[in-house]
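Hi,

Here is the structure I promised to pass on.

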There are 2 protein chains.
Amino acid sequence: MKKPAPARPGASTDSPWSPSRAKTRQLKREAVILAAARAFREHGYHNTSLEDVASALNVTKPTIYYYVANKEEILFECFRAGLDQIKSVFGDLDASKHTAREKLRVLIRHYGAAIAGEFGWCMVRAEDQDLSPAMSARVKALKSEIDQRIRGLIKEGIKDGSVGNCDPKMTAFAIAGALNWISHWYHKDASLSPAEVGEAFALVFDHTLKPR
Amino acid sequence: MKKPAPARPGASTDSPWSPSRAKTRQLKREAVILAAARAFREHGYHNTSLEDVASALNVTKPTIYYYVANKEEILFECFRAGLDQIKSVFGDLDASKHTAREKLRVLIRHYGAAIAGEFGWCMVRAEDQDLSPAMSARVKALKSEIDQRIRGLIKEGIKDGSVGNCDPKMTAFAIAGALNWISHWYHKDASLSPAEVGEAFALVFDHTLKPR
DNA sequence: TATATTTGTTACTTTGTCGTATAATATCGG
DNA sequence: CCGATATTATACGACAAAGTAACAAATATA
């Protein structure tokens with residue numbers, strides 16, 4: 001279970017290993033995750049063997065296991081990559097001085113773009129049951145954080161008057177659901193870029209939220 | 001591949017077999033489908049063995065195969081049961097003389113209730129790749145019919161003035177997505193009945209659609 | 001009650017894929 | 001240039017679950 005070399009790119013001076021080694025290793029690991037994410041999206045998690053992933057990278061299966069402990073770890077990393085991408089906008093939101101509705105607009109645009117991205121499928125459609133209880137709990141916590149953020153912004157908006165009166169819980173479910181669902185249709189109907197998709201949904205829900 | 005007896009309940013007079021036999025057989029078949037649908041929802045399609053389904057019904061695996069050709073057929077029947085439930089409201093819609101927005105309200109309420117029902121999970125979260133190309137195509141056709149209906153009603157509403165100006169395609173995606181997503185959270189958070197969930201969403205999107 | 005048909009079980013084969021033991025090759029620091 | 005370590009391949013073990021063959025129990029009809 002112990003890594004042969006610390007994979008942190010920052011640990012260059014205090015490590016006996018060349019940083020370039022650790023760096024390319026990290027890069028290759030990420031390539032494995034990404035190739036897996038694409039295969040999962042195309043064929044589903046259970047219909048994708050690690051041999052499929054390997055051959056997509058022109059290597060053999062044990063090579064995959066050199067970079068990753070097991071299939072579950074790959075799935076977890078896919079979840080994390082996607083969810084982190086969504087959460088990356090939280091900082092901007094905290095800093096911003098706009099109304100809650102405008103913050104929601106930003107969040108929706110960003111969220112939608114992330115779902116249309118490479119890890120959208122895994123983040124949304126992969127099943128908790130394919131992760132161990134521990135990993136599943138971590139994923140649930142991340143997801144819940146995002147959902148709570150939406151619900152919180154709706155409540156905030158009702159208070160500051162930028163959002164019309166509505167049921168915050170159901171409205172948040174509706175928004176999150178509509179966004180998550182993008183992963184079901186986006187790659188079949190990719191007439192828009194991920195950013196454009198996010199923008200389109202931001203517009204739709206701006207209508208929903210605007211007070212009347 | 002040929003069934004030993006025609007399972008249609010209508011074939012009572014011209015068949016040498018007692019109709020009660022065919023009837024109970026049909027009932028048992030449906031019990032298999034339903035038990036499987038519940039197991040799929042709880043553990044996922046691939047994490048549910050037919051032995052699990054069998055033991056939930058207090059029988060053994062080959063008994064399942066007596067009522068059903070294979071696992072794929074079960075999944076297809078689950079899809080069909082759910083989608084038919086949604087489509088069952090189309091007749092009322094055609095007969096109704098209300099505005100398009102009011103029709104949408106009815107459709108959304110009904111759709112939402114169906115998704116929160118027994119077959120909601122299979123209908124929405126099961127993957128096309130787990131069906132043969134032929135069956136997958138049939139499912140896609142049914143789904144598309146429903147989506148087109150929503151989009152059509154939005155366009156109709158924009159024309160008759162009951163729906164405010166919006167992008168019909170994206171708005172339809174948003175509505176369908178929000179409704180489909182119910183299957184992800186409903187059984188964990190079942191504080192409302194399926195009908196109440198449908199009603200709540202009808203309300204949320206009435207806000208979205210109302211002209212301003 | 002006797003017989004044919006339906007319904008169900010026990011025990012098996014087959015298949016696919018995860019994950020690993022082992023060995024061979026490439027690459028880096030000294 | 002050499003030894004150690006990183007990287008990759010070949011071949012295999014283990015196991016779970018789909019699907020089947022052959023046989024046993026139940027039941028309707030004559």
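**Where the two chains meet**

The contact takes 26 residues from chain B and 24 residues from chain A; two residues are in contact if their C-beta atoms, placed from the backbone, lie within 7 Å. On the side of chain B that touches chain A, helix 9 (168-185) and helix 10 (194-209) of chain B each supply at least two residues. Helix 9 of chain B gives the largest share of that side, 11 residues. Sorted by class, the side of chain B that touches chain A has 12 nonpolar, 10 polar and 4 charged residues. (Ala, Val, Leu, Ile, Met, Phe, Trp, Tyr, Cys and Pro count as nonpolar, Asp, Glu, Lys and Arg as charged, and the others, Gly among them, as polar.)

Before you go further: this is a predicted model, where local features need pLDDT of at least 70 and side-chain atom pairs count only at pLDDT 80 or more, while totals for chains, interfaces and linings use all residues. Residues are numbered from 1 along each chain as its sequence is written, and chains are lettered from A and ligands numbered from 1 in the order in which they are written.

**How the copies are related**

Chain B can be laid on chain A with an RMSD of 0.1 Å, using a turn of 180° and a shift of 0.0 Å along the axis. The two copies are thus related as by a two-fold rotation axis. (The superposition is by least squares on the C-alpha atoms of residues with pLDDT of at least 70 in both.) Of the interface residues of chain B, 92% are also interface residues in chain A, so the copies meet through the same surface.

**Chain A itself**

Chain A has 11 helices and 0 strands; these are DSSP runs, with helices being H or I of at least four residues and strands E of at least two, numbered from the N terminus. Buried residues make up 35% of its 212 residues. Buried means that 20 or more other C-beta atoms, placed from the backbone, lie within 10 Å of a residue's own.

Which residues are buried in helix 8 of chain A? They are A:Arg149, A:Ile150, A:Leu153, A:Ile154 and A:Gly157. What covers them includes helix 5 (90-95), helix 6 (100-115), helix 9 (168-180) and helix 11 (194-209) of chain A. Just after helix 8 of chain A, A:Gly161 takes a positive phi of about 85°.

Cheers

Technical notes: Buried ≥ 20, exposed ≤ 12 C-beta atoms within 10 Å, placed from the backbone.
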